[in-house]
Amino acid sequence: MRPAFSVIFFTTASGAGCGLLIWLGLLAPAGLLPASLWFGGLTLALALALLTAGLLASTFHLGHPERAWRALGQWRSSWLSREGVAALATYPPALAFGSLWVLGGPRGPWTALCGALAAAGALGTVFCTGQIYASLRTIRQWHDSRVVPLYLLLALWSGAVLAAALAGLWGAARLPALLALVCGLGGLALKLSYWHAIDRAAPASTLESATGLGSWGKVRPLDPPHTEENYLLREMGYRIARKHAAKLRRLALALAFALPLALLAAGLAARLAFPALLAALAAAAGLLIERWLFFAEAKHVVTLYYRGN
Amino acid sequence: MTSIPKPAPGAKKLGLVIDLDTCVGCQACAVSCKEWNTSGHMAPLTDLDPYGARPDGVWFNRIHSYEAGDGAAGRTVHFPRSCLHCEDAPCVTVCPTGASYKRAEDGIVLVDADLCIGCKLCSWACPYGAREYDEDAGVMKKCTLCIDRIYNETLGEEERVPACVSVCPTRARHFGDLGDPDSEVSQLVAERGGFELMPEQGCKPVNRYLPPRPRAAPPVPSPSPSPSQTAEAATPIANRLLAWADRVLSR
(Lines give C-alpha, C1' and ligand atoms only; values in the text may rest on other atoms or scores of the structure.)
Protein backbone atom coordinates (compact mmCIF):
# COMPACT_ATOMS: atom_id res chain seq x y z
CA MET A 1 0.00 0.00 0.00
CA ARG A 2 1.18 3.50 -0.79
CA PRO A 3 2.56 5.06 2.40
CA ALA A 4 0.79 8.44 2.28
CA PHE A 5 2.52 10.82 4.65
CA SER A 6 -0.74 12.40 5.82
CA VAL A 7 -2.00 9.04 7.10
CA ILE A 8 1.36 8.06 8.63
CA PHE A 9 1.52 11.39 10.44
CA PHE A 10 -2.11 11.12 11.51
CA THR A 11 -1.80 7.65 13.06
CA THR A 12 1.47 8.40 14.86
CA ALA A 13 0.61 11.94 16.04
CA SER A 14 -2.94 11.18 17.12
CA GLY A 15 -1.70 7.93 18.69
CA ALA A 16 0.86 9.80 20.80
CA GLY A 17 -1.67 12.53 21.66
CA CYS A 18 -4.26 9.96 22.70
CA GLY A 19 -1.69 8.01 24.71
CA LEU A 20 -0.62 11.15 26.55
CA LEU A 21 -4.24 12.09 27.24
CA ILE A 22 -4.97 8.61 28.62
CA TRP A 23 -2.09 8.80 31.11
CA LEU A 24 -2.87 12.40 32.08
CA GLY A 25 -6.59 11.75 32.54
CA LEU A 26 -6.02 8.64 34.66
CA LEU A 27 -2.85 9.43 36.63
CA ALA A 28 -3.25 13.13 37.44
CA PRO A 29 -6.54 12.77 39.38
CA ALA A 30 -4.90 9.94 41.37
CA GLY A 31 -2.11 12.32 42.39
CA LEU A 32 0.52 10.37 40.48
CA LEU A 33 1.61 13.27 38.24
CA PRO A 34 2.68 16.81 39.18
CA ALA A 35 -0.32 18.89 40.31
CA SER A 36 1.18 22.09 38.89
CA LEU A 37 -1.17 24.09 36.70
CA TRP A 38 1.62 24.59 34.20
CA PHE A 39 2.29 20.88 33.95
CA GLY A 40 -1.42 20.13 33.43
CA GLY A 41 -1.87 22.92 30.89
CA LEU A 42 1.25 22.06 28.93
CA THR A 43 0.52 18.32 28.87
CA LEU A 44 -3.12 18.71 27.93
CA ALA A 45 -2.25 21.28 25.25
CA LEU A 46 0.38 18.98 23.76
CA ALA A 47 -1.97 15.99 23.77
CA LEU A 48 -4.79 17.90 22.10
CA ALA A 49 -2.40 19.61 19.67
CA LEU A 50 -1.09 16.22 18.54
CA LEU A 51 -4.60 14.81 18.16
CA THR A 52 -5.80 17.90 16.29
CA ALA A 53 -2.77 18.05 14.00
CA GLY A 54 -3.27 14.38 13.20
CA LEU A 55 -6.96 14.84 12.43
CA LEU A 56 -6.24 17.84 10.22
CA ALA A 57 -3.48 15.96 8.40
CA SER A 58 -5.81 13.06 7.78
CA THR A 59 -8.21 15.35 5.94
CA PHE A 60 -5.43 16.39 3.55
CA HIS A 61 -5.55 13.08 1.73
CA LEU A 62 -9.27 13.43 1.07
CA GLY A 63 -10.52 14.35 -2.38
CA HIS A 64 -13.01 16.72 -0.71
CA PRO A 65 -11.66 17.91 2.68
CA GLU A 66 -14.56 20.38 2.97
CA ARG A 67 -16.93 17.41 3.20
CA ALA A 68 -14.95 15.75 6.01
CA TRP A 69 -17.81 16.34 8.49
CA ARG A 70 -19.88 13.84 6.54
CA ALA A 71 -17.54 11.09 7.75
CA LEU A 72 -19.27 11.24 11.15
CA GLY A 73 -22.49 9.85 9.72
CA GLN A 74 -22.03 6.12 9.29
CA TRP A 75 -20.79 4.99 12.72
CA ARG A 76 -23.13 2.02 12.61
CA SER A 77 -21.06 0.24 9.96
CA SER A 78 -17.79 2.08 9.34
CA TRP A 79 -14.73 2.05 11.60
CA LEU A 80 -13.48 5.22 9.92
CA SER A 81 -16.69 6.96 10.90
CA ARG A 82 -16.45 5.57 14.46
CA GLU A 83 -12.88 6.87 14.68
CA GLY A 84 -14.04 10.37 13.78
CA VAL A 85 -16.89 10.24 16.30
CA ALA A 86 -14.61 8.92 19.07
CA ALA A 87 -11.95 11.56 18.33
CA LEU A 88 -14.44 14.43 18.45
CA ALA A 89 -16.14 13.00 21.55
CA THR A 90 -12.77 13.15 23.31
CA TYR A 91 -12.58 16.96 23.17
CA PRO A 92 -15.46 18.01 25.51
CA PRO A 93 -14.35 15.89 28.51
CA ALA A 94 -10.70 16.78 27.83
CA LEU A 95 -11.48 20.50 27.80
CA ALA A 96 -13.72 20.15 30.89
CA PHE A 97 -10.88 18.26 32.60
CA GLY A 98 -8.51 21.13 31.83
CA SER A 99 -10.99 23.77 33.06
CA LEU A 100 -11.67 21.91 36.31
CA TRP A 101 -7.90 21.55 36.85
CA VAL A 102 -7.56 25.32 36.50
CA LEU A 103 -10.42 25.90 38.96
CA GLY A 104 -9.57 23.36 41.62
CA GLY A 105 -6.52 21.28 40.80
CA PRO A 106 -6.41 17.78 39.35
CA ARG A 107 -7.81 15.80 42.27
CA GLY A 108 -11.53 16.61 42.53
CA PRO A 109 -14.13 13.92 41.78
CA TRP A 110 -15.49 15.79 38.75
CA THR A 111 -11.99 16.30 37.43
CA ALA A 112 -11.41 12.58 37.85
CA LEU A 113 -14.64 11.78 35.98
CA CYS A 114 -13.77 14.10 33.09
CA GLY A 115 -10.23 12.71 33.00
CA ALA A 116 -11.56 9.17 32.83
CA LEU A 117 -14.02 10.10 30.07
CA ALA A 118 -11.28 11.82 28.06
CA ALA A 119 -9.05 8.76 28.53
CA ALA A 120 -11.89 6.49 27.37
CA GLY A 121 -12.46 8.65 24.28
CA ALA A 122 -8.75 8.60 23.46
CA LEU A 123 -8.55 4.85 23.94
CA GLY A 124 -11.62 4.40 21.74
CA THR A 125 -10.11 6.60 19.03
CA VAL A 126 -6.93 4.50 18.82
CA PHE A 127 -8.96 1.29 18.95
CA CYS A 128 -11.01 2.46 15.95
CA THR A 129 -7.84 3.47 14.06
CA GLY A 130 -6.50 -0.05 14.51
CA GLN A 131 -9.82 -1.57 13.49
CA ILE A 132 -9.90 0.40 10.24
CA TYR A 133 -6.83 -1.57 9.15
CA ALA A 134 -7.52 -4.85 10.94
CA SER A 135 -10.98 -5.14 9.39
CA LEU A 136 -9.68 -5.11 5.80
CA ARG A 137 -9.55 -8.72 4.65
CA THR A 138 -7.96 -7.61 1.37
CA ILE A 139 -4.61 -6.89 3.06
CA ARG A 140 -3.35 -9.88 5.01
CA GLN A 141 -0.60 -7.89 6.78
CA TRP A 142 -3.35 -5.73 8.31
CA HIS A 143 -6.03 -8.38 8.82
CA ASP A 144 -4.15 -9.72 11.79
CA SER A 145 -5.17 -10.10 15.43
CA ARG A 146 -2.02 -8.24 16.53
CA VAL A 147 -2.80 -5.00 14.69
CA VAL A 148 -5.31 -3.46 17.12
CA PRO A 149 -3.29 -4.34 20.28
CA LEU A 150 -0.22 -2.93 18.52
CA TYR A 151 -1.92 0.37 17.78
CA LEU A 152 -3.09 0.60 21.41
CA LEU A 153 0.23 -0.41 22.91
CA LEU A 154 2.27 1.91 20.67
CA ALA A 155 -0.06 4.82 21.50
CA LEU A 156 0.36 4.10 25.23
CA TRP A 157 4.13 3.77 24.72
CA SER A 158 4.60 7.05 22.87
CA GLY A 159 2.20 8.80 25.26
CA ALA A 160 4.06 7.50 28.32
CA VAL A 161 7.45 8.62 26.93
CA LEU A 162 5.99 12.09 26.37
CA ALA A 163 4.47 12.07 29.88
CA ALA A 164 7.84 11.05 31.33
CA ALA A 165 9.60 13.82 29.38
CA LEU A 166 7.14 16.47 30.62
CA ALA A 167 6.85 15.21 34.19
CA GLY A 168 10.64 15.09 34.27
CA LEU A 169 10.67 18.89 34.03
CA TRP A 170 8.83 18.89 37.39
CA GLY A 171 11.09 16.18 38.77
CA ALA A 172 8.42 13.49 38.65
CA ALA A 173 9.44 11.31 35.70
CA ARG A 174 9.69 8.12 37.71
CA LEU A 175 6.17 6.66 37.41
CA PRO A 176 5.51 7.59 33.75
CA ALA A 177 8.99 6.34 32.86
CA LEU A 178 8.29 3.00 34.54
CA LEU A 179 4.95 2.73 32.72
CA ALA A 180 6.73 3.62 29.48
CA LEU A 181 9.27 0.85 30.05
CA VAL A 182 6.47 -1.69 30.46
CA CYS A 183 4.55 -0.48 27.37
CA GLY A 184 7.76 -0.17 25.31
CA LEU A 185 8.91 -3.70 26.10
CA GLY A 186 5.39 -4.99 25.40
CA GLY A 187 5.20 -3.04 22.13
CA LEU A 188 8.61 -4.28 21.06
CA ALA A 189 7.69 -7.91 21.73
CA LEU A 190 4.37 -7.58 19.92
CA LYS A 191 5.96 -5.83 16.93
CA LEU A 192 8.59 -8.57 16.62
CA SER A 193 5.91 -11.24 16.82
CA TYR A 194 3.85 -9.33 14.20
CA TRP A 195 6.78 -9.17 11.76
CA HIS A 196 7.56 -12.82 12.38
CA ALA A 197 3.94 -13.74 11.61
CA ILE A 198 3.44 -11.63 8.45
CA ASP A 199 6.71 -12.94 7.00
CA ARG A 200 5.54 -16.52 7.28
CA ALA A 201 1.75 -16.54 6.85
CA ALA A 202 0.52 -18.01 3.57
CA PRO A 203 -1.60 -15.63 1.50
CA ALA A 204 -5.34 -16.40 1.65
CA SER A 205 -5.84 -15.49 -2.00
CA THR A 206 -3.78 -16.42 -5.05
CA LEU A 207 -4.00 -15.61 -8.75
CA GLU A 208 -5.61 -19.03 -9.14
CA SER A 209 -8.45 -18.13 -6.74
CA ALA A 210 -8.63 -14.58 -8.12
CA THR A 211 -9.25 -15.86 -11.66
CA GLY A 212 -10.85 -19.20 -10.82
CA LEU A 213 -8.52 -20.84 -13.34
CA GLY A 214 -6.60 -22.97 -10.83
CA SER A 215 -7.99 -26.21 -12.22
CA TRP A 216 -6.00 -25.57 -15.42
CA GLY A 217 -2.76 -25.30 -13.51
CA LYS A 218 -0.54 -22.43 -12.48
CA VAL A 219 -1.85 -19.06 -13.71
CA ARG A 220 0.55 -16.40 -15.04
CA PRO A 221 -0.18 -12.86 -16.23
CA LEU A 222 0.33 -12.61 -20.00
CA ASP A 223 -0.93 -9.23 -21.17
CA PRO A 224 -1.70 -6.32 -18.86
CA PRO A 225 -4.99 -4.45 -19.33
CA HIS A 226 -3.20 -1.13 -19.80
CA THR A 227 0.32 0.00 -20.54
CA GLU A 228 0.56 2.85 -18.01
CA GLU A 229 0.08 2.84 -14.25
CA ASN A 230 -3.46 3.43 -13.06
CA TYR A 231 -4.95 4.43 -9.72
CA LEU A 232 -5.00 0.83 -8.48
CA LEU A 233 -1.30 0.31 -9.11
CA ARG A 234 -0.33 3.67 -7.63
CA GLU A 235 -2.45 3.28 -4.50
CA MET A 236 -2.29 -0.48 -3.94
CA GLY A 237 0.76 -1.59 -5.90
CA TYR A 238 3.46 0.11 -3.81
CA ARG A 239 6.46 -2.17 -3.46
CA ILE A 240 9.48 -1.93 -1.23
CA ALA A 241 12.66 -3.83 -1.89
CA ARG A 242 13.24 -6.64 0.59
CA LYS A 243 16.71 -5.42 1.56
CA HIS A 244 15.39 -1.92 2.34
CA ALA A 245 12.57 -3.41 4.39
CA ALA A 246 15.07 -5.38 6.50
CA LYS A 247 17.23 -2.29 7.04
CA LEU A 248 14.26 -0.07 7.85
CA ARG A 249 12.94 -2.65 10.31
CA ARG A 250 16.26 -2.55 12.16
CA LEU A 251 16.23 1.26 12.11
CA ALA A 252 12.64 1.32 13.41
CA LEU A 253 13.52 -1.11 16.19
CA ALA A 254 16.53 0.94 17.23
CA LEU A 255 14.81 4.34 17.15
CA ALA A 256 11.29 3.43 18.26
CA PHE A 257 12.24 0.99 21.01
CA ALA A 258 15.89 0.22 21.82
CA LEU A 259 17.22 3.77 22.11
CA PRO A 260 14.27 5.30 24.02
CA LEU A 261 14.10 2.29 26.37
CA ALA A 262 17.82 2.63 27.12
CA LEU A 263 17.49 6.39 27.63
CA LEU A 264 14.52 5.96 29.98
CA ALA A 265 16.33 3.31 31.99
CA ALA A 266 19.43 5.50 32.20
CA GLY A 267 17.29 8.47 33.27
CA LEU A 268 15.62 6.39 35.97
CA ALA A 269 18.95 5.08 37.27
CA ALA A 270 20.65 8.49 37.27
CA ARG A 271 17.51 10.44 38.35
CA LEU A 272 17.92 12.75 35.38
CA ALA A 273 15.07 14.33 33.37
CA PHE A 274 16.67 15.10 30.00
CA PRO A 275 17.11 11.49 28.77
CA ALA A 276 13.30 11.20 28.68
CA LEU A 277 13.16 14.20 26.33
CA LEU A 278 15.66 12.54 24.00
CA ALA A 279 13.71 9.29 24.29
CA ALA A 280 10.53 11.08 23.17
CA LEU A 281 12.29 12.44 20.07
CA ALA A 282 13.80 9.07 19.15
CA ALA A 283 10.48 7.28 19.67
CA ALA A 284 8.66 9.78 17.46
CA ALA A 285 11.16 9.31 14.61
CA GLY A 286 11.18 5.54 15.06
CA LEU A 287 7.40 5.25 15.09
CA LEU A 288 7.17 7.25 11.86
CA ILE A 289 9.44 4.66 10.23
CA GLU A 290 7.48 1.81 11.84
CA ARG A 291 4.21 3.26 10.49
CA TRP A 292 5.74 3.83 7.03
CA LEU A 293 6.67 0.16 6.97
CA PHE A 294 3.17 -0.82 8.15
CA PHE A 295 1.90 0.64 4.87
CA ALA A 296 4.80 -0.15 2.54
CA GLU A 297 4.94 -3.81 3.53
CA ALA A 298 1.18 -4.32 3.23
CA LYS A 299 0.13 -6.07 0.04
CA HIS A 300 -3.35 -5.71 -1.39
CA VAL A 301 -4.91 -8.72 -3.15
CA VAL A 302 -5.77 -6.65 -6.24
CA THR A 303 -2.07 -6.72 -7.15
CA LEU A 304 -2.56 -10.44 -7.87
CA TYR A 305 -4.44 -9.51 -11.04
CA TYR A 306 -1.54 -7.39 -12.24
CA ARG A 307 1.53 -9.20 -10.97
CA GLY A 308 0.33 -12.71 -10.25
CA ASN A 309 1.77 -12.79 -6.73
CA MET B 1 -26.81 4.37 4.86
CA THR B 2 -23.80 2.15 4.42
CA SER B 3 -25.11 -0.95 6.13
CA ILE B 4 -26.03 -3.66 3.64
CA PRO B 5 -29.81 -3.52 3.21
CA LYS B 6 -31.89 -6.65 3.76
CA PRO B 7 -33.04 -7.63 0.28
CA ALA B 8 -36.81 -7.36 -0.03
CA PRO B 9 -38.55 -10.69 -0.61
CA GLY B 10 -38.37 -11.44 -4.31
CA ALA B 11 -35.78 -8.69 -4.85
CA LYS B 12 -33.57 -9.07 -7.89
CA LYS B 13 -29.84 -9.75 -7.77
CA LEU B 14 -28.73 -8.16 -11.00
CA GLY B 15 -25.30 -9.02 -12.27
CA LEU B 16 -23.12 -10.22 -15.10
CA VAL B 17 -22.05 -13.65 -16.23
CA ILE B 18 -18.76 -13.57 -18.11
CA ASP B 19 -17.74 -16.44 -20.33
CA LEU B 20 -13.98 -17.02 -20.20
CA ASP B 21 -14.32 -19.58 -22.98
CA THR B 22 -15.48 -17.16 -25.63
CA CYS B 23 -13.92 -13.87 -24.51
CA VAL B 24 -11.33 -12.91 -27.10
CA GLY B 25 -9.89 -9.96 -25.18
CA CYS B 26 -10.90 -7.42 -27.82
CA GLN B 27 -11.49 -4.64 -25.23
CA ALA B 28 -14.79 -3.68 -26.89
CA CYS B 29 -16.60 -3.95 -23.52
CA ALA B 30 -14.09 -1.63 -21.88
CA VAL B 31 -14.38 0.94 -24.67
CA SER B 32 -18.16 0.76 -24.93
CA CYS B 33 -18.46 1.10 -21.14
CA LYS B 34 -16.17 4.12 -21.14
CA GLU B 35 -18.09 5.73 -23.98
CA TRP B 36 -21.50 5.25 -22.34
CA ASN B 37 -20.52 6.02 -18.78
CA THR B 38 -18.45 9.10 -19.45
CA SER B 39 -21.78 10.83 -20.05
CA GLY B 40 -23.85 8.57 -17.79
CA HIS B 41 -24.75 8.27 -14.10
CA MET B 42 -21.10 8.48 -12.87
CA ALA B 43 -19.94 10.93 -15.54
CA PRO B 44 -17.35 11.94 -16.43
CA LEU B 45 -14.83 9.11 -16.51
CA THR B 46 -11.96 11.54 -16.40
CA ASP B 47 -8.87 11.05 -18.54
CA LEU B 48 -5.67 12.80 -17.56
CA ASP B 49 -3.04 13.43 -20.20
CA PRO B 50 -4.98 11.27 -22.70
CA TYR B 51 -2.70 11.99 -25.66
CA GLY B 52 0.49 12.50 -23.68
CA ALA B 53 3.30 10.20 -22.67
CA ARG B 54 1.53 8.82 -19.57
CA PRO B 55 -2.19 8.63 -20.20
CA ASP B 56 -4.25 7.86 -17.12
CA GLY B 57 -7.94 7.65 -16.47
CA VAL B 58 -10.97 6.03 -14.92
CA TRP B 59 -12.25 2.80 -16.48
CA PHE B 60 -14.86 0.41 -15.11
CA ASN B 61 -13.61 -2.57 -17.11
CA ARG B 62 -10.03 -3.80 -17.23
CA ILE B 63 -9.28 -6.75 -19.52
CA HIS B 64 -6.37 -8.92 -18.41
CA SER B 65 -4.91 -11.91 -20.25
CA TYR B 66 -3.49 -14.91 -18.45
CA GLU B 67 -1.82 -18.19 -19.23
CA ALA B 68 -3.26 -21.06 -17.19
CA GLY B 69 -1.49 -24.40 -17.09
CA ASP B 70 1.50 -25.56 -19.08
CA GLY B 71 2.19 -27.01 -22.49
CA ALA B 72 -0.56 -28.67 -24.45
CA ALA B 73 -2.86 -28.60 -21.42
CA GLY B 74 -2.39 -24.86 -20.98
CA ARG B 75 -4.76 -22.12 -22.07
CA THR B 76 -4.60 -18.46 -22.83
CA VAL B 77 -7.55 -16.85 -21.10
CA HIS B 78 -8.80 -13.31 -21.55
CA PHE B 79 -10.23 -12.04 -18.33
CA PRO B 80 -12.51 -9.01 -18.04
CA ARG B 81 -12.51 -7.55 -14.54
CA SER B 82 -15.23 -5.21 -13.28
CA CYS B 83 -17.45 -4.65 -10.25
CA LEU B 84 -19.12 -7.86 -9.06
CA HIS B 85 -21.93 -6.10 -7.11
CA CYS B 86 -21.20 -8.24 -4.06
CA GLU B 87 -23.94 -9.28 -1.64
CA ASP B 88 -21.65 -8.52 1.32
CA ALA B 89 -19.92 -5.58 -0.33
CA PRO B 90 -17.12 -4.41 2.01
CA CYS B 91 -16.75 -1.23 -0.07
CA VAL B 92 -20.21 -0.23 1.16
CA THR B 93 -19.84 -0.96 4.87
CA VAL B 94 -16.47 0.81 5.23
CA CYS B 95 -17.80 4.05 3.71
CA PRO B 96 -17.88 6.69 6.47
CA THR B 97 -20.31 9.03 4.73
CA GLY B 98 -23.05 6.92 3.21
CA ALA B 99 -21.88 7.79 -0.31
CA SER B 100 -21.43 4.09 -1.07
CA TYR B 101 -24.63 2.14 -1.02
CA LYS B 102 -26.24 -1.07 -2.18
CA ARG B 103 -29.76 -0.91 -3.56
CA ALA B 104 -32.25 -3.17 -1.77
CA GLU B 105 -34.40 -3.67 -4.87
CA ASP B 106 -31.80 -5.02 -7.29
CA GLY B 107 -28.50 -5.24 -5.40
CA ILE B 108 -26.63 -2.72 -7.55
CA VAL B 109 -23.74 -1.04 -5.70
CA LEU B 110 -23.50 2.69 -6.41
CA VAL B 111 -21.62 5.80 -5.25
CA ASP B 112 -23.32 9.12 -4.58
CA ALA B 113 -20.66 11.50 -5.88
CA ASP B 114 -22.19 14.41 -3.94
CA LEU B 115 -21.56 12.69 -0.61
CA CYS B 116 -18.18 11.08 -1.37
CA ILE B 117 -15.26 12.69 0.48
CA GLY B 118 -12.62 10.82 -1.55
CA CYS B 119 -11.07 8.94 1.41
CA LYS B 120 -10.40 5.92 -0.87
CA LEU B 121 -11.10 3.42 1.91
CA CYS B 122 -13.66 1.61 -0.29
CA SER B 123 -10.95 0.90 -2.87
CA TRP B 124 -8.80 -0.58 -0.08
CA ALA B 125 -11.69 -2.79 1.01
CA CYS B 126 -12.50 -4.15 -2.47
CA PRO B 127 -10.47 -7.26 -3.39
CA TYR B 128 -11.39 -6.98 -7.07
CA GLY B 129 -10.05 -3.49 -7.86
CA ALA B 130 -13.52 -2.42 -8.95
CA ARG B 131 -13.24 1.12 -7.68
CA GLU B 132 -11.17 3.80 -9.30
CA TYR B 133 -10.47 7.25 -7.92
CA ASP B 134 -11.14 10.23 -10.15
CA GLU B 135 -8.19 12.53 -9.39
CA ASP B 136 -9.95 15.40 -11.09
CA ALA B 137 -13.34 15.16 -9.39
CA GLY B 138 -11.85 13.99 -6.06
CA VAL B 139 -14.40 11.18 -5.72
CA MET B 140 -14.57 7.44 -6.20
CA LYS B 141 -16.13 6.02 -9.34
CA LYS B 142 -17.40 2.57 -10.15
CA CYS B 143 -19.50 0.40 -12.46
CA THR B 144 -23.22 1.20 -12.19
CA LEU B 145 -24.28 -1.90 -14.11
CA CYS B 146 -25.46 0.79 -16.56
CA ILE B 147 -28.35 1.70 -14.30
CA ASP B 148 -29.13 4.45 -16.80
CA ARG B 149 -29.57 1.89 -19.60
CA ILE B 150 -31.20 -1.12 -17.97
CA TYR B 151 -34.21 0.85 -16.70
CA ASN B 152 -34.20 3.38 -19.55
CA GLU B 153 -37.58 3.32 -21.23
CA THR B 154 -36.43 5.64 -24.00
CA LEU B 155 -34.22 2.84 -25.26
CA GLY B 156 -35.49 -0.14 -27.19
CA GLU B 157 -36.10 -3.28 -25.12
CA GLU B 158 -33.05 -5.07 -26.59
CA GLU B 159 -30.81 -2.14 -25.67
CA ARG B 160 -31.73 -2.22 -21.96
CA VAL B 161 -28.61 -4.13 -21.00
CA PRO B 162 -25.24 -2.82 -19.79
CA ALA B 163 -23.12 -1.28 -22.55
CA CYS B 164 -20.44 -3.96 -22.13
CA VAL B 165 -23.01 -6.70 -22.73
CA SER B 166 -24.62 -5.07 -25.75
CA VAL B 167 -21.30 -4.59 -27.55
CA CYS B 168 -19.60 -7.95 -26.94
CA PRO B 169 -18.95 -9.50 -30.36
CA THR B 170 -18.62 -13.05 -29.03
CA ARG B 171 -21.53 -12.86 -26.57
CA ALA B 172 -19.14 -13.56 -23.75
CA ARG B 173 -21.08 -11.24 -21.43
CA HIS B 174 -24.58 -11.93 -20.15
CA PHE B 175 -26.77 -9.77 -17.94
CA GLY B 176 -29.68 -10.82 -15.78
CA ASP B 177 -31.14 -11.69 -12.39
CA LEU B 178 -28.84 -14.11 -10.60
CA GLY B 179 -31.23 -14.26 -7.65
CA ASP B 180 -33.81 -16.07 -9.76
CA PRO B 181 -32.76 -19.70 -10.28
CA ASP B 182 -34.92 -19.92 -13.42
CA SER B 183 -33.44 -16.88 -15.17
CA GLU B 184 -31.36 -17.41 -18.31
CA VAL B 185 -28.17 -16.32 -16.58
CA SER B 186 -28.73 -18.62 -13.60
CA GLN B 187 -29.41 -21.51 -15.97
CA LEU B 188 -26.21 -20.70 -17.84
CA VAL B 189 -24.24 -20.68 -14.60
CA ALA B 190 -25.74 -24.02 -13.54
CA GLU B 191 -25.11 -25.60 -16.94
CA ARG B 192 -21.53 -24.44 -17.36
CA GLY B 193 -20.36 -24.64 -13.75
CA GLY B 194 -20.03 -20.88 -13.29
CA PHE B 195 -17.93 -19.80 -10.32
CA GLU B 196 -17.31 -16.76 -8.12
CA LEU B 197 -13.94 -15.05 -7.81
CA MET B 198 -12.02 -15.24 -4.51
CA PRO B 199 -14.83 -16.79 -2.41
CA GLU B 200 -12.32 -16.81 0.48
CA GLN B 201 -12.61 -13.03 0.70
CA GLY B 202 -16.19 -13.46 1.92
CA CYS B 203 -17.76 -10.75 -0.24
CA LYS B 204 -20.30 -13.08 -1.87
CA PRO B 205 -19.97 -11.57 -5.36
CA VAL B 206 -23.09 -11.70 -7.56
CA ASN B 207 -21.27 -11.84 -10.91
CA ARG B 208 -20.21 -15.26 -12.10
CA TYR B 209 -17.50 -16.41 -14.50
CA LEU B 210 -17.89 -19.39 -16.82
CA PRO B 211 -14.77 -21.59 -17.13
CA PRO B 212 -13.05 -22.22 -20.46
CA ARG B 213 -14.48 -25.38 -22.03
CA PRO B 214 -12.16 -28.39 -22.01
CA ARG B 215 -10.13 -28.59 -25.19
CA ALA B 216 -11.22 -31.14 -27.79
CA ALA B 217 -9.07 -34.29 -27.66
CA PRO B 218 -5.94 -33.79 -29.80
CA PRO B 219 -5.97 -35.73 -33.10
CA VAL B 220 -4.16 -39.06 -33.00
CA PRO B 221 -1.28 -38.76 -35.46
CA SER B 222 -1.24 -41.63 -37.96
CA PRO B 223 2.23 -43.22 -37.96
CA SER B 224 2.87 -43.42 -41.69
CA PRO B 225 0.84 -41.34 -44.09
CA SER B 226 -0.31 -43.16 -47.22
CA PRO B 227 1.21 -41.92 -50.49
CA SER B 228 -2.11 -40.36 -51.55
CA GLN B 229 -2.32 -38.40 -48.25
CA THR B 230 1.24 -37.17 -48.71
CA ALA B 231 0.39 -36.05 -52.20
CA GLU B 232 -2.70 -34.25 -50.92
CA ALA B 233 -0.75 -32.51 -48.22
CA ALA B 234 1.87 -31.50 -50.75
CA THR B 235 -0.62 -29.53 -52.83
CA PRO B 236 -1.74 -26.60 -50.73
CA ILE B 237 -5.37 -25.55 -51.15
CA ALA B 238 -5.37 -22.09 -52.67
CA ASN B 239 -8.86 -21.05 -51.58
CA ARG B 240 -8.55 -19.90 -47.96
CA LEU B 241 -12.09 -20.84 -47.00
CA LEU B 242 -11.58 -24.34 -48.36
CA ALA B 243 -8.19 -24.55 -46.62
CA TRP B 244 -9.83 -23.66 -43.32
CA ALA B 245 -12.64 -26.18 -43.91
CA ASP B 246 -10.01 -28.80 -44.72
CA ARG B 247 -8.19 -28.08 -41.45
CA VAL B 248 -11.36 -28.25 -39.37
CA LEU B 249 -12.61 -31.42 -41.07
CA SER B 250 -9.22 -33.13 -40.79
CA ARG B 251 -9.28 -32.89 -36.97
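**Entry 1: the A–B interface**

I started with the contacts between the chains: 43 residues of chain A are in contact with 52 residues of chain B, where contact means C-beta atoms, placed from the backbone, within 7 Å. This is a predicted model, in which local features need pLDDT of at least 70 and side-chain atom pairs count only at pLDDT 80 or more, while totals for chains, interfaces and linings use all residues. Residues are numbered from 1 along each chain as its sequence is written, and chains are lettered from A and ligands numbered from 1 in the order in which they are written.

Next I asked which elements of chain A give two or more residues to the side that touches chain B. I found helix 3 (79-104), helix 7 (207-211), strand 1 (219-223) and helix 8 (231-236); helices (H or I, at least four residues) and strands (E, at least two) are DSSP runs, numbered from the N terminus. Strand 1 of chain A gives the largest share, 5 residues. By type, I noted 19 nonpolar, 16 polar and 8 charged residues on this side of chain A; Ala, Val, Leu, Ile, Met, Phe, Trp, Tyr, Cys and Pro count as nonpolar, Asp, Glu, Lys and Arg as charged, and the others, Gly among them, as polar.

I then followed strand 1 of chain A across to chain B. It runs antiparallel to strand 4 (residues 62-68) of chain B, joined by 4 bridges; pairing takes at least two DSSP bridges between two strands. A:Asp223 has B:Ser65 as its bridge partner.

**Entry 2: a sheet in chain B**

Here I looked up an open sheet of 3 strands, order 10-1-11, with mixed pairing. Strand 10 (173-177) and strand 11 (208-210) are at the edges with a single partner strand each, so one side of each has no neighbour in the sheet. Strand 1 (residues 14-19) pairs with strand 10 in the antiparallel sense over 5 bridges, and B:Val17 stands opposite B:His174 there.

**Entry 3: the nonpolar core**

The largest nonpolar core has 164 residues. Such a core is a set of buried Ala, Val, Leu, Ile, Met, Phe, Trp, Tyr and Cys residues joined through C-beta atoms within 7 Å; buried means 20 or more other C-beta atoms within 10 Å, exposed 12 or fewer, and partly exposed in between. Helix 5 (residues 147-169) of chain A supplies the largest share, 17 residues. A:Ala160 is among the residues with the most contacts inside the core. Beyond its neighbours within four places in sequence, A:Ala160 touches partners including A:Trp23, A:Leu179 and A:Cys183.

Key: Contact = placed C-beta atoms within 7 Å.
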